[in-house]
Structures are given as structure tokens and as C-alpha cells.
Amino acid sequence: MQGRVCQLLLVNALTCGLEVCMAAGTFYIPPLLLQAGMEERYMTMVLGVGPVLGLIFVPMIGSYSDSWRGRFGRRRPFIWLLCVGVLLGLQVLPQASHLAALLYPQRPRWLEGILLVGAACLLEFSGQACFTPLEALISDQFPGEEESRRAFSVYSLMISLGGCLGYLLPALDWSHAPTAAYLGGQEAFIYALITLIFLTCLLSTVFISEDRWTGGEGTRKGVSVSSTLSPSHWWSRYCGHPLLSRTQCVRMAVGWCVSLCVSALPRVYGVCMSLPAVIRRLFVAELFSWMALMSFMLFYTDFMGVGLYRGVPNATPGTQERLRYDEGVRMASVGLFLQCLISVVCSILMERWMVLLGTRAVYVSSVILLALATAVMSFSKSVVMVTVMAAATGYTFCVLQVLPYTLLCLYHSDKRVFFSSSKSRPSHQGESDDHTNSKPLLTPDHGKTPLLTSASPHVSLPLEREGEAIPLPQRGMCLDMAILDSAYLLSQVLPALCLGSIVQQSHSVSAYMASACFLSLLSLLCSTGVVFTRSDLHKLTGSKGDTPTLRGQKD
């Protein structure tokens, strides 16, 4: 028991450190871009580039993680690779002006903008994509509905703690500290501090005990589970050859990576297009919920600095307009810190609330609260009232960190019920479905299950569409989590593309909060179709049109 608790804390130590980087690191991205002279509409578009890259590559990362064969397990190689991108982004962002002056003194302002945009996109993409294999690692080690609910409650707690620390650091004035003056100011000091915190948390992954592939797992349907995705396969085939130079090995590596990406696209596309109805409905509701929350969180600093404090972000440093904007940014950090603090408290109580009230009541109440909070912020000019409403959204933030993944673990715990339908053959829980379904997690009934293979493109789970059974591509836990995480990524893309232009047309940053309120109402409407329990499957039985019908046993 102590060993499993220790493993959970080790996994979530990196979760906490990663959230510190995402909170404190991305907090300064809008001010840095605006201070560099970028217009509001272009600044919001830059914030959408990282999520767009995530939409393209996160499902591919999830697919390859499910099929990866290596000595360090299926998840940690991808976690470590993405953490390198996070560290690189953290180093470039605060030093963009100095690097631009050093590399291109003729036009440093132009190069500074390019470095800021590139580092911001790299940090956003790597940080957000890294959460997907982390979530899959938690679900691998803590399968089943009950223990996954507890594990993801701890996951949400650590994210909230990381957010608290990440938003608290910018709220404090470090500019007069000797170390900050030596490093180059407030931003440089904070980025150096969170880099140190992140590296410390990253070391915890070395001690995580993850299932390793030993090469002797056997075959599935006559196909060896050994895969060309293994890093040792490529090394022994190319770089281990004595006649190949190091330059040729690098070229081979680049070609290998490109071929992997190209070969993954059709498989990922097929899996995403044949989503089970339960995941599709959950995806849509989560998308609008995150869009509402992100419309508030992404632009809250600009809303406070410009809207409530009447500051000017690109004003000359030291002027009254710039000082007011900086004060508004620090006050926004206080509001987001209180949001994470409320989320910490809710994470501790979340499991009890879900048992007492039910998952549906918890989810719906969180969306209603978000709609009310953003509506108040749209009209209020009181800094205290807006800060209180920002803190209240911590409940919604906590729910969105726990509930979707808990439901996904519930769906995967009984795929025969949640992912299939058949009018002629009802599901029987006692039947073994090992011949039709690859299980990526441990379940109480099946013990240790084999790793997924990339060799078999389809399994015979019937998904009925207008009376016709069609084959469903094999589903791994990490891939389905990547699909849910794509809702989070997409929720940042759409506001980033649209809200900047809406604010410029309306000449008011209150449009950010009004848009968040409208999206909250849409999320409330979509939540009526989400399957929270097995009994909710009866609602899908009578579905018409293009929505696949599901049929499962009663509770």
C-alpha cells in the first residue's frame, strides 16, 4: 500500500512541477508579447499556435505511447522528450531581448519578436502535450473506476498546488532582490526559479516503476508484438552499423521520425473518426467547458491591467500608464492564485462530493458557477468583486481536471458495455473479450494485460450506425486521453483566433468575460448528453440519425 502511494506521489511530483512552469511561465507570455510591440489580435493568435501543434501531434504521441517498446516503459520516454522542450522554452523567453541583440544587432527588435513567438509556442506545446502521457501513466498504475477516481483527485490536487505556487511567484515583487537584479529583472528571476523547481520534480520520474517490455510477450493473432517503434530496433539497424557515419545516422533518424509521423496519421485519423458515442459526447461537453474557462484564464491579465487598472502594456517603463498595467498584472496573478487555492480545497473534497452528489450534479454545478462568475466579471468594475469571482472558478477548474478522466477510466473498465452495441447480441459481463479488445490498463477481472500492438489495425468491436456494424480501430487509454486533451487544446485555439478581433471591434476587454459566459451556457446544454453512469446508456438507446446507439447492461 505504501509503495503504491509512493508511486502516485512520484508521478504527481512532475505534474506539480509542470503546472508551476505552465502557470508562471505562460503568465508572462501576453505581457512580454505586448511589450515587444505586438498588436492585441496577433498576440492572441500566437497563444493559439501551441495548442494547434498539440491538436496535430498529441494524438500521435498518445498512439505511439500505447505501442512503444523500450527499457524505460511506454510513457516516460515521451515525458522526458517533451520536458526538454519545456526547459528550452523557459530559457529563451526571459532572455529574448539579450539573445536578439547578441545575434542580430542591426535589427534586434525583429529577432526578439521571433524568439518570443518561437519560445512561447514551444513552451505551450511541450507543456500541454506532456500531461497526456502523465495521465496515461496514472491510469496504467491505478486502473478501475474507484482507484482511478482517487488517483485523479490527487492529480488534480497536485495541479492545483502547482498552480498556486506558479501564480504566487509573479504576484510578489522580486525586482529589488539582489539575485533578480543580477539575472536581469523580475521575469528572468522567476523563470530561473521555476526552472530549478521543474528540474527537481523531473528527477522523480527516474524512480517510477513502470512496466518494461522484455521482448518475450508472445504474439497476438499470429503477429509478433515486437515493433519497429522500439528505439533499439532503429539503433541496431542503422547507427549500430560500422560503415555509417554520424551524419548519416542523424539523417536516418530524421527520416525515421518523419516516416513514423506519416504512417501514424491514417491510423490516428481512423481512430478519431470512429469515436464511441460516449467519448464523443464527453469530448463536446469538455470542449465548451474548457473554452469558457480558457477565455477567462488566458486573457485575465490583460483584462485586469487594461480594463480595471486602465494601464497601457506597451507604454514606456516607469510611466504612470505602465505602472498601472504592471499593478493590474500582479493583481491578476493574485486572482489566479486564489483560484488554484480554491481548487486545492475542492480536490481534497472532490471524491466525497462525487460519491454523495453524483458526477452529473458535480459537473453541472461547476458549469453554472462558471457562467455566473464570468457574467459578474463582465459588468463589475470592482477589483475585489472580480477577484472573488476569479477565485470561485477554482471549483470548475478542479472538476475539469478530475471528472473527464474518471469517466474515461469508467468507460475503459467495461468496453463491452460502453464502446459497443448490438441489437441481436446483448453484452454479458462475465464473457471474456480478450479476443476482440486490447486493454491498455489493469482491471480487477483481467489482471495484467498485454501491451497494445501497432500491427493489428482493427479489432472487431461492433459500433452500430443505422443498423450496420462497422469495425472499430483498437483503442488505447493514452490515445483516448489524447483525444480528451485535444478538447483542452482546441479550447485555446478558438478563443485565441477570435477574441482578439472581437475585443478590437468592441473596444472593450470585457468581451473576454462575456464570451466566457456565453460558452459556459453552451457547455451546460452539451452536458445533458454526457454518460455519467451505466444507467445513462438508456438515453442513447433511442438516439437517431448519425449518433451511434449504445446498449449495455443495467446497473
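Which residue forms a salt bridge with Arg 75, and how far apart are the closest N and O atoms? I will come to that after a few words on the model.

This is a predicted model, in which local features need pLDDT of at least 70 and side-chain atom pairs count only at pLDDT 80 or more, while totals for chains, interfaces and linings use all residues. Residues are numbered from 1 along each chain as its sequence is written, and side-chain values use heavy atoms, with hydrogens and water left out.

First, the chain as a whole. It has 21 helices and four strands; these are DSSP runs, numbered from the N terminus, with helices being H or I of at least four residues and strands E of at least two. Of its 555 residues, 56% count as buried. Buried means under 20% relative accessible area, exposed means over 50%, and partly exposed is in between, with a 1.4 Å probe and protein chains only. A contact is heavy atoms within 4.5 Å. Among contacts with a separation of 6 or more, 79% are between residues 24 or more positions apart.

Back to the opening question. The partner of Arg 75 is Asp 140, with the closest N and O atoms 2.7 Å apart. Arg 75 sits in the loop between α3 and α4 (76–92) and Asp 140 in helix α6 (residues 108–141), so this pair ties together parts 65 residues apart in sequence. A salt bridge here is a side-chain nitrogen of Lys or Arg within 4 Å of a carboxyl oxygen of Asp or Glu. Arg 75 is buried at 0% relative accessibility, and Asp 140 is buried at 13%.

The structure holds five salt bridges. Another joins Glu 351 and Arg 150, at 3.0 Å from N to O. Glu 351 is in helix α14 and Arg 150 in helix α7 (residues 145–171), so that pair links parts 201 residues apart in sequence. Both ends are partly exposed: Glu 351 at 24% and Arg 150 at 41%.

A further bridge, between Asp 326 and Arg 322, spans 3.5 Å from N to O. Both residues lie in helix α14, four residues apart, about one turn of the helix.

Next, helix α16 (residues 383–392). Its buried residues are Val 386, Thr 387, Met 389, Ala 390 and Ala 391. They pack against α12 (277–297), α13 (300–308), α14 (320–357), α15 (359–379) and α17 (394–413). In the loop between α15 and α16 lies Ser 380, which is buried at 16% relative accessible area. The side chain of Ser 380 reaches the backbone nitrogen of Ser 382 at 3.2 Å. Leaving out residues up to four places away in sequence, Ser 380 touches Met 385 and Val 386.

Last, the cysteines. How many disulfides are there? The count is zero, where a disulfide is a pair of cysteine sulfur atoms within 2.5 Å. For Cys 201, the closest cysteine sulfur is in Cys 16, 5.7 Å away, too far for a bond. Cys 346 is in no disulfide either, the nearest cysteine sulfur being that of Cys 398 at 5.3 Å. Cys 201 is buried at 16% relative accessible area, and Cys 346 is buried at 6%.

Notes:
A polar contact is a pair of N or O atoms within 3.5 Å; within protein, one must be able to donate a hydrogen and the other to accept it, and residues adjacent in sequence count only if both atoms are side-chain atoms.
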